[in-house]
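Biologist: Could you take a close look at the annotated modified residue and its surroundings, and then carry on to the aromatic pairs? I would like one connected account.

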Amino acid sequence: MIKCLIVDDEPLSRDVLKTYCTDHPDLEIAALCKDAFEAMNALGKASVDLIFLDVNMPKLSGINFYKSLNQKPMVVFTTAYPEFAVEGFELDAIDYLLKPFSFERFVKAVNKVKEKSINQADTDEKYILLKADRKVYKVDFSEILFFEALGDYVKAHLQDKVLIVTTTLKKLMEELPSSAFIRTHKSYIIAKSKIEYLEGNQIQLPHHKIPIGQAYREEVLKKLEG
């Protein structure tokens, strides 16, 4: 599933995109946003793979909003003004949908997104670099059980050791593949593959029980179902 964010200040345009996304079997809507500031808030709560982003919005345009992101998901720009297409593609946009667009044209854009996702999966590294003990450790994703916030640091619980890492959970979540790791709590990120079972508000990992924060429960359940 491709998790997407819809950002458009026009209610009708949001509704059209919501319908199209709902009708497409490979898409899951993370949030509907009416401006860039709602989108920033949504991205702070959950990682997404794709943004359907309107170019013309009040206060902060879609293009300037996308430029401001440190971690950039794939983007498909939408607008009624074709003159913005060139700037959109300069930002490495997957596609550009000129309003009003048909479901057929929408599907063509999604197919481009899927192709890009496959290519990225083929080339993505299977490890992360973690700074700890004045060293930089190359850690395979398969070695990771979970990450735990520890003041200004993060405790990385690996299969054979624990590292005290100079980073934050927020930064780690941006660097980890969202398909393989889940933020379950303000203080925890877990490896999806290491889950043994879920019971109540806890997830059982090998030799560890990890809490599920109330604010994260819905997102956790969606990821586990997916």
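**The annotated aspartate and the aromatic pairs**

Modeller: In UniProt, an unreviewed entry lists D54 under "modified residue: 4-aspartylphosphate", and what follows describes the surroundings of that residue in a predicted model. D54 is placed in strand β3, which spans residues 50-54, and it counts as buried because its relative accessibility is 2%, where buried means under 20%. Setting aside residues up to four places away in sequence, D54 touches V7, D8 and D9, together with G62, T78, T79 and K99.

R14 belongs to helix α1, residues 11-23, and with a relative accessible area of 18% it is buried. Its side chain reaches the backbone oxygen of D8 at a distance of 2.7 Å.

Turning to the rings, the structure holds 8 aromatic pairs. One of them is formed by Y66 and F77, an edge-to-face arrangement with 6.0 Å from centre to centre and 80° between the planes. Because Y66 lies in helix α3 (residues 62-68) and F77 in strand β4 (residues 74-79), this pair ties together parts that are 11 residues apart in sequence. Y66 is buried at a relative accessible area of 4%, and F77 counts as buried at 1% relative accessibility.

The pair of F141 and F181 is edge-to-face as well, because the ring centres are 5.7 Å apart and the planes stand at 70°. F141 is found in the loop between β7 (135-140) and β8 (144-150), whereas F181 is in strand β11 (residues 181-185), so here the parts tied together are 40 residues apart in sequence. F141 counts as buried at 15% relative accessibility, and F181 is buried with a relative accessible area of 1%.

Elsewhere, ring pairs link Y20, F52, F101, F103 and F106 into a cluster. Charged side chains also meet rings: K72 lies over the face of Y66, at 5.9 Å from the ring centre, while the charged end of K138 sits over the ring of Y127, 4.4 Å from its centre. Y66 is thus described both by its edge-to-face pair with F77 and by the lysine K72 over its face.

Technical notes. Residues are numbered from 1 along each chain as its sequence is written. Side-chain values use heavy atoms; hydrogens and water are left out. UniProt positions are given in the numbering used here, feature names are shortened, and annotations may be inferred rather than shown by experiment. Helices (H or I, at least four residues) and strands (E, at least two) are DSSP runs, numbered from the N terminus. Buried means under 20% relative accessible area, exposed over 50%, partly exposed in between (1.4 Å probe, protein chains only). Contact means heavy atoms within 4.5 Å. A polar contact is a pair of N or O atoms within 3.5 Å; within protein, one must be able to donate a hydrogen and the other to accept it, and residues adjacent in sequence count only if both atoms are side-chain atoms. Rings of Phe, Tyr and Trp (its six-membered ring) pair if their centres lie within 6.5 Å; planes under 30 degrees apart count as stacked, over 60 as edge-to-face and the rest as tilted. A charge sits over a ring if NZ of Lys or CZ of Arg is within 6 Å of the ring centre and within 35 degrees of the ring normal.
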